[in-house]
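User: I want to learn how to read a protein model. Can you take me through it feature by feature?

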Amino acid sequence: MKKFANKLDAVEEKIRIGKNGGTKLPISSSEEQEVLFFRTEGGYRLIPLVPDVKRVYIEVTTKCNFACITCIRSSWQDKLEHMEWGTFEHILDSLKDLPELESVHFGGFGEPLMHPRIFDMLKAVKGLGLKVEMITNGSYLREDVIQKLIDLELDVLFTSLDSPDEGEYNEIRQGADFKSVFHNVARLQTMKREQKKKKPELGIEFVAMKKNFARLPKLIRMAWDLNAKKVIVTNLLPYHESMKDEIVYDMDDTERMFGDESLLTSVRAYMSNMKLRTERYCKFVSGKSLCINYQGNVSPCYALMHTYKCYIYGREKQMYPFFLGNINEQKLREIWMGSTYVKFRQDVDEYHFPSCTDCRNVDGCSYTDSNEMDCWANSPSCSECLWSRQIIACP
């Protein structure tokens, strides 16, 4: 212990002048035993540097053939482009260096099936022995596409269905055709049954808002008639002013929301919180996940992948991305164990940021205008993240 204490003394000066608030300190010849050494108000903290990523989200495109009223495209500033194949090859190479990696999800804020090489991507990641998931709007699920997904043994396919009613669905998901999408999803299940295949398992995602919330029990029954393995009910995050009054997460969700059908919703679907709660939980940090956007930029979560505006309980908020590195320049292992990323995860995991959403001084506070900084000097700030309040959910 005395020998180790001497090493701490030796780097104390480096820590004092370090830009990122910490310094890497090897305590043996093994890279896995490297730690990040921070000076804190109470003394010192050592954080082990471990490449323990378990889940990777990949956004292969920002293009989509729908113009949904719930979509982030209502306010963002990013280009509509496919991920370049070279960028994906860098990702694939990096995945091999993550010994605890379990799953890869193809999604983000575009329609993955529009990418011209999506099947090559899926096959390449499956070839690494990983669980592979994808989310789709369902419009491209022709029989030949379905057969490819079955042959690839894609593990899970999520489909967005925001209403069981044709007119309402078409209004929400503009450019879509309910009958066509429903037929495609049903055909997927039929072809699996005919071929005695279990994969891909079907998941359904539903975005709850005032205009469709009453139809949720009907949607859940429809999903289970389709033999869906999972139904995720997330709340609307308005990206356009016209949608800010459509939120439903201000109700008392301790009461029975659907009368006799409340049990159906609670047992057969994952329900997001319908009211702001005290507890905070970051699925991305706690689940040891990271996100890669179409340009190869690595972010800690979906919310920090792009530049856009959203509305938090009616208040406009400017969101800026937070990139920890780019896969075209660094390996995921290196980015994950970088001091800035490690410190960010530690702060989020211990909630070293305020809770602006239910702060009594929120009205008139300029810190809530954007996620650039909060009153505790965090930058970026996660102080109004509705994912962490389990109001917004994703696969």
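This is a predicted model: local features need pLDDT of at least 70, side-chain atom pairs count only at pLDDT 80 or more; totals for chains, interfaces and linings use all residues.

User: Which residues of α7 are buried?
Analyst: First, the general idea. An α-helix has 3.6 residues a turn, so residues three or four places apart point the same way. Buried means under 20% relative accessible area, exposed means over 50%, and partly exposed is in between (1.4 Å probe, protein chains only). Helix α7 covers residues 216-225. Its buried residues are L216, P217, L219, I220, M222 and A223.

User: Where does K211 lie?
Analyst: K211 is in the loop between β10 and α7.

User: What does K211 touch?
Analyst: Touching here is contact, meaning heavy atoms within 4.5 Å. Leaving aside residues up to four places away in sequence, K211 touches I69, E168, E171, I172 and E246. K211 counts as partly exposed because its relative accessible area is 22%. Look also at V248, which is 37 residues from K211 along the chain. The C-alpha atoms of K211 and V248 are separated by 9.6 Å.

User: Which other residues have a positive phi without being glycine?
Analyst: Two cases are K196, with phi of about 55°, and Q390, with phi near 60°. K196 sits in the loop between α6 and β10. Q390 lies in the segment after α11. K196 is exposed, because its relative accessible area is 75%. Q390 is partly exposed, because its value is 25%.

User: Now the whole chain. How many helices and strands does the chain have?
Analyst: There are 11 helices and 17 strands. Of the 395 residues in the chain, 54% are buried. Take the contacts with a separation of 6 or more: residues 24 or more positions apart account for 69% of them.

User: Which residues have the most contacts inside the largest nonpolar core?
Analyst: In soluble globular proteins, nonpolar side chains tend to be buried together. A nonpolar core is a set of buried Ala, Val, Leu, Ile, Met, Phe, Trp, Tyr and Cys residues joined through side-chain atoms within 4.5 Å. The largest core has 107 residues, and F106 and L122 have the most contacts inside it. Beyond four places away in sequence, F106 touches residues including I58, V60, F88, M121 and L122.

User: How much space lies in the largest cavity?
Analyst: On a 1 Å grid over the protein atoms alone, a cavity is a set of points where a 1.4 Å probe fits but cannot get out, and a pocket is an open set with protein on both sides within 12 Å along at least five of seven lines; lining residues have an atom within 4 Å of a point. Grid points are joined across faces, edges and corners, and a volume is the space filled by probe spheres set on the points. The search finds two cavities of 30 Å³ or more. The largest cavity holds about 650 Å³. Of its 34 lining residues, G108, F109, S160, E205 and V207 are the closest to its centre. The second largest cavity holds about 300 Å³. Of its 26 lining residues, the closest to its centre are A303, M319, C382, C385 and W387.

User: Which element gives the most to the lining of the largest pocket?
Analyst: That is β10, with three residues. The volume of this pocket is about 500 Å³. K230, I232, K283, C394 and P395 are the closest to its centre, out of 26 lining residues.

Conventions. Residues are numbered from 1 along each chain as its sequence is written. Side-chain values use heavy atoms; hydrogens and water are left out. Helices (H or I, at least four residues) and strands (E, at least two) are DSSP runs, numbered from the N terminus.
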